[in-house]
Amino acid sequence: MTPYTRRLLVILVALVVAIVLQMSTATSALIFGAQVDLPLCVAIVGSMLCDVNTASAVGFTSGLLLAAVAAPPNGGFGSIIVSRTIICFVIGWLESRIVRDSAVLAPLFGVTGTMLCAVLFFAFDPQKDTSHWARVMTGTAIYDGLVSVPLFYLLRKLAGRDYSTALA
Amino acid sequence: MTAGRTGPVLRYMPFVLLLIAGTLLGIVHDRAARQGKLDPVSSLVRTVISLPANATSSTTRWFSREFGWIPHGYRLEAENRSLSARVTALEMANTSLKQQALTGQRLAADLGIVSTHTPKPEVAQVIALRPDPNFETIIINRGSNSGIKVHDVVITPIGLVGQVYVVNSSTAGVVLLTDQNGMVSARVERANSRAVGICRGNYTDTIVMNDLSAEADIHPGDRIVTAGYGVFPPGIPIGTVLSVALDQGQMNKVAVIKPFVDFGALDEVIVLR
């Protein structure tokens, strides 16, 4: 098995585990009412370990899994997928062009990635209750930022990094 | 061909294709969702994912049932005594209600009243509770194979939960009363009150009851039940009135309702088919 295949497989398994945990336990682990978005968190951290196109695929898979499970009652299925694909593409691009394998960036990407993802979702599919949406976005972004740090180390340990894009 | 010589469009072609695929999937899904169905891709994904999710939920429930009492310790004895007293009181009330129901049936038979459709209950386990923090929805482990349909009403023994909005063969999505898309006509459960309004979620642990007239007879402490208009059968408990105020235009009253159901701890629900 090539390192690339192994990395892809580990991230895919992590996404499936994340969606199962999101379904069964996410509401039992609220912090000040905020709920983590584990599939998005895994997608963001996974994108930090991949090249740009693989990162897009990771975002797409994360979006598809969550959208299929959550199936928003008032539309927004495609918006979930597209917003995550774009955010993971941007993270993959930044990782391959500007930043390299930095654990410090995991919480930063966790927070900003979740916020931008929510902003894109809102732009594609405006919600009736803006204050609720903003509240959820803020809480989830901070929570995702916190979870990103251990998740980054765990995924990097299990999946390894894409050294084809790394500096010497 | 190296990445350096490839144009940006070709270099990022997989990304562009994924965006197109996401958009198309969204269109197909929304088209199917209008008929209360899941598109084939989501249906497949949900069916596959629901297997480990169901197993995880069952395991969590088993642990909670078998070992959940340990952290509660001494509090259980006092709770047990209080519950025994409550069971006795409820048994007496139940006997009285059974007699009244029999009397009602006899009277209905004498008057020739035809009974309306009685929904069949189907117990379902909750396999996903609010999977997306943006929406107040749950997924249950019963679908069209168990006779569940879109708009079926979902309750617990203590009150209204919501209604089914999307179904596939083995699962169903339920929009909770606390979601803004969850609406139900409701009335005050008091013989001398005719106050009727619409209960709507606002993504918090309370529900807002509006469309009440300025003269509506509704007070804090009143019990609110379904009015029976639309898909919801009458008399299903919703919650208790916390406060009542006039709206901004001073034309209607608005009541804040505390639901009976704890939407954050749903484990098992009953679908009325």
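In chain B, Val153(B) faces two partners: Gln163(B) in β4(B) stands opposite this residue, and so does Leu272(B) in β12(B). The model is predicted; local features require pLDDT of at least 70, side-chain atom pairs count only at pLDDT 80 or more, and totals for chains, interfaces and linings use all residues. Residues are numbered from 1 along each chain as its sequence is written, while chains are lettered from A and ligands numbered from 1 in the order in which they are written.

**Strands of chain B**

- Strand β3 (residues 153-156) of chain B runs antiparallel to strand β4 (residues 159-167) of chain B, and four bridges join them; strands are DSSP runs (E, at least two residues) numbered from the N terminus, and two strands pair if DSSP finds at least two bridges between them.
- Six strands of chain B close into a barrel with antiparallel pairing, in the order β1-β2-β5-β4-β3-β12.
- Neighbouring strands of this sheet are turned by 45 degrees against each other on average, direction ignored; axes are lines fitted to C-alpha atoms, for helices over the stretch in contact, and angles run from 0 to 180 degrees between N-to-C directions.

**Domains of chain B**

- Chain B is assigned domain 1 (70-111) and domain 2 (118-273), with bounds from an automatic or database domain assignment.
- The centres of domain 1 of chain B and domain 2 of chain B, taken over C-alpha atoms, are separated by 24 Å.

**Helix packing in chain A**

- Helix α1 (residues 3-25) of chain A packs against helix α6 (residues 130-159) of chain A at an angle of about 140 degrees, with 9 Å between the axes; helices are DSSP runs (H or I, at least four residues).
- α1(A) and α6(A) are therefore oblique to each other, since angles under 35 degrees count as roughly parallel, over 145 as roughly antiparallel, 65 to 115 as roughly perpendicular and the rest as oblique.
- Arg7(A), Val10(A), Ile11(A) and Ala14(A) of α1(A) make the contact with Leu155(A), Leu158(A) and Ala159(A) of α6(A); residues are in contact if their C-beta atoms, placed from the backbone, lie within 7 Å.

**Interface between chains A and B**

- Contacts involve 38 residues of chain A and 43 residues of chain B.
- On the side of chain A that touches chain B, α3(A) supplies the largest share, 12 residues.

Terms used
Two residues are in contact if their C-beta atoms, placed from the backbone, lie within 7 Å.
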